[in-house]
Amino acid sequence: MNLQDSNILLLGANGGIGSALATQLSAKGARLLLAGLGQQQLDELAQTLSNPARGIHVDITRAEERSKLLDLALDYLGNIDVLINAAGVLDFLPFADLSPERIELTFRVNTLSPILLIQAALPAMQAAGKGRIVNIGSIFGSIAFPYFSIYSASKFALRGFSEALRRELDGSGVGVSYVAPRATRTPLNDARVMAMGEATRMNMDTPERVAAQIVRVIERDRDEAYLGQPESLFVRINHLMPRLVDRALRGQRRIMEAFARP
Ligand SMILES: NC(=O)c1ccc[n+]([C@@H]2O[C@H](COP(=O)([O-])OP(=O)(O)OC[C@H]3O[C@@H](n4cnc5c(N)ncnc54)[C@H](OP(=O)(O)O)[C@@H]3O)[C@@H](O)[C@H]2O)c1
């Protein structure tokens, strides 16, 4: 897709990856509707962009706010060429320590609300006969990590949904991309995750690098991208030989456990 003069609805625009994406997409000539929780931050971001953009507060878990967002998106953008789901929450904790509320919220923010937003946005995109839905997953959505159980599960579900929808929409003109970054230096990862990442020598990308790869996925109309080596190779190994990955993670689990208990 040529991004010049494209209309993009970006969820999670205030985030580390979201704000880097906003900057890079705007520089390519896209018009953006920036959606997230903090209105002031969204307004400030909109002012830094090279192309017209507008920020709108939305709690993606609330049906009435999603509906208002889509009305505004169609009004402001005309049509949605690209819908990017880059909001997310994460807990790095033993499964037993996660509250039922946090478990529910993680699925609502990472999985259920993006799915419902896509369902509401699709009729207009299908009527236009073009467009792309971009779901930001994670390497943890293919390799399930201890102490990230619910986050991993929410991204596994998002990956499955993206694959099914892509196959369902095949030939409609509306594409579906699932992009899985590896660990990235953003506020999503608190000090404990960062310390664990260092102790286990986890590769960490900058949000700018991840955003550049997501932009390329959109420009090239790619269905799937797993970012980083050797992580994307490990995704294949985990698929073919999960016991091998069990063994590799057994050693790391002890280190991870020390950081996962606050
Ligand atoms: N960072 C990583 O290591 C990493 C790795 C792989 C995949 N990812 C994925 O990449 C995406 C972006 O993550 P990030 O690293 O940029 O995280 P981030 O900096 O924490 O940004 C996440 C954004 O989600 C928004 N958000 C949270 N709850 C929301 C809600 N109920 N309604 C609307 N927006 C909500 C937040 O909005 P406000 O800022 O306005 O509060 C925040 O800007 C996520 O899907 C994440 O799972 C991240």
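I'll start with the surface. The accessible surface of the protein comes to about 12300 Å², and 52% of that belongs to carbon and sulfur atoms. Areas here are from the Shrake-Rupley method with a 1.4 Å probe, and for residues only the protein chains shown count as cover.

A word on the source. This is a predicted model, in which local features need pLDDT of at least 70 and side-chain atom pairs count only at pLDDT 80 or more, while totals for chains, interfaces and linings use all residues. Residues are numbered from 1 along each chain as its sequence is written, and side-chain values use heavy atoms, with hydrogens and water left out.

Now the overall fold. There are 9 helices and 7 strands in the protein. Both are DSSP runs numbered from the N terminus: helices are H or I with at least four residues, strands are E with at least two. The C-alpha trace spans about 50 × 40 × 35 Å along its principal axes.

Of the 262 residues, 50% are buried. Buried means under 20% relative accessible area, exposed means over 50%, and partly exposed is in between, with a 1.4 Å probe and protein chains only. Among contacts with a separation of 6 or more, 67% are between residues 24 or more positions apart; a contact is heavy atoms within 4.5 Å.

Next, the strands. E4 covers residues 82–85 and runs parallel to E1, residues 7–11, with 4 bridges joining them. Another 4 bridges join E4 to E5, residues 131–136, also in parallel. Strands are paired here if DSSP finds at least two bridges between them.

Which residue in E4 is the bridge partner of Leu11? That is Asn85. Asn85 in turn has Asn135 as its bridge partner in E5, and Ile84 stands opposite Val134 of E5.

In E4, Val82 and Ile84 point one way, Leu83 and Asn85 the other, and all are buried. For E5, 6 of its 6 residues are buried: Gly131, Ile133 and Asn135 on one side, with Arg132, Val134 and Ile136 on the other.

Val174 lies in strand E6, residues 174–180, and is buried at a relative accessible area of 5%. Not counting residues up to four places away in sequence, Val174 touches Leu122, Met125, Gln126, Lys130, Gly131, Ile133 and Leu169. Gly131 and Ile133 belong to one side of E5. From Val174 to Ala260 is 86 residues in sequence and 40 Å in space, C-alpha to C-alpha.

Is Arg222 buried or partly exposed? Arg222 is partly exposed, with a relative accessible area of 40%. Arg222 is in the loop between helix H7 (207–219) and strand E7 (224–226). Leaving aside neighbours within four places in sequence, its contacts are Arg132, Val176, Ser177 and Val217. Arg132 is one of the buried residues of E5. The C-alpha atoms of Arg222 and Lys155 are separated by 19 Å, at 67 residues apart along the chain.
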